[in-house]
Amino acid sequence: MRVVVQRAKDAKVTVAGEVVGEIDFGLVLLVGITHDDTEEDAAFVADKIAHLRIFEDEHGKMNVSLLDVGGSILSISQFTLYGDCRKGRRPNFMDAAKPEHAKQMYEALNEQLRQKGIRVETGVFGAMMDVTLTNVGPVTLIVESK
């Protein structure tokens, strides 16, 4: 599992011009799933993201987590994170999981985050989406399960 984590002041996702998910403050997750990802991978990544100390404390140091600040998550499925661009000019997506497995693992990750008390908004799995965010910092990290 590969997740791009972006700290956001606000974010929303639209499908066919309709807002389907929106947060005021927290994290935007772009979530990529590969073939051998499991529920354990989802649990590991959810725990890591929930406890990443990437928000400022009273001294301006990145020292507090999403749980500490009470932020939300906008989670977006993103199969292109497993695109291999090393050869040629067209990405190879062979490492991206098939849709059935990817959807199951994506939903497992979101459920793990919700079980931690985090409000999770999502896009629509497999849909063409427009994602808008204000990245604070900017802070952008990659979290991987393997």
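Me: Which residues does Leu27 touch, leaving out those up to four places away in sequence?
Reply: Leu27 touches Val5, Gln6, Arg7, Ile49, Ile54, Phe55, Leu66, Ser72, Ile73 and Leu74. Contact here means heavy atoms within 4.5 Å.

Me: What are the ground rules?
Reply: This is a predicted model, where local features need pLDDT of at least 70, side-chain atom pairs count only at pLDDT 80 or more, and totals for chains, interfaces and linings use all residues. Residues are numbered from 1 along each chain as its sequence is written, and side-chain values use heavy atoms, with hydrogens and water left out.

Me: Which members of the largest nonpolar core touch the most others?
Reply: Val3, Leu27, Leu29, Ile49, Ile73 and Leu109, out of 29 residues. A nonpolar core is a set of buried Ala, Val, Leu, Ile, Met, Phe, Trp, Tyr and Cys residues joined through side-chain atoms within 4.5 Å. Buried is under 20% relative accessible area (1.4 Å probe, protein chains only).

Me: Which element gives the largest share of this core?
Reply: α3, with six residues. Helices are DSSP runs of H or I, at least four residues, numbered from the N terminus.

Me: Switching to helix packing. At what angle do α1 and α3 pack?
Reply: About 40°, with the axes 9 Å apart. Axes are lines fitted to C-alpha atoms over the stretch in contact, and angles run from 0 to 180 degrees between N-to-C directions.

Me: Which residues of α1 make the contact?
Reply: Glu39, Ala42, Ala43, Val45 and Ala46. From α3 come Gln104, Met105, Ala108, Leu109, Gln112 and Leu113.

Me: How many are nonpolar, polar and charged?
Reply: Eight nonpolar, two polar and one charged.

Notes: Buried < 20%, exposed > 50% of the residue type's maximum accessible area, 1.4 Å probe, protein only. Helix = DSSP H or I, 4+ residues; strand = E, 2+ residues; numbered from the N terminus. Nonpolar A, V, L, I, M, F, W, Y, C, P; charged D, E, K, R; others polar.
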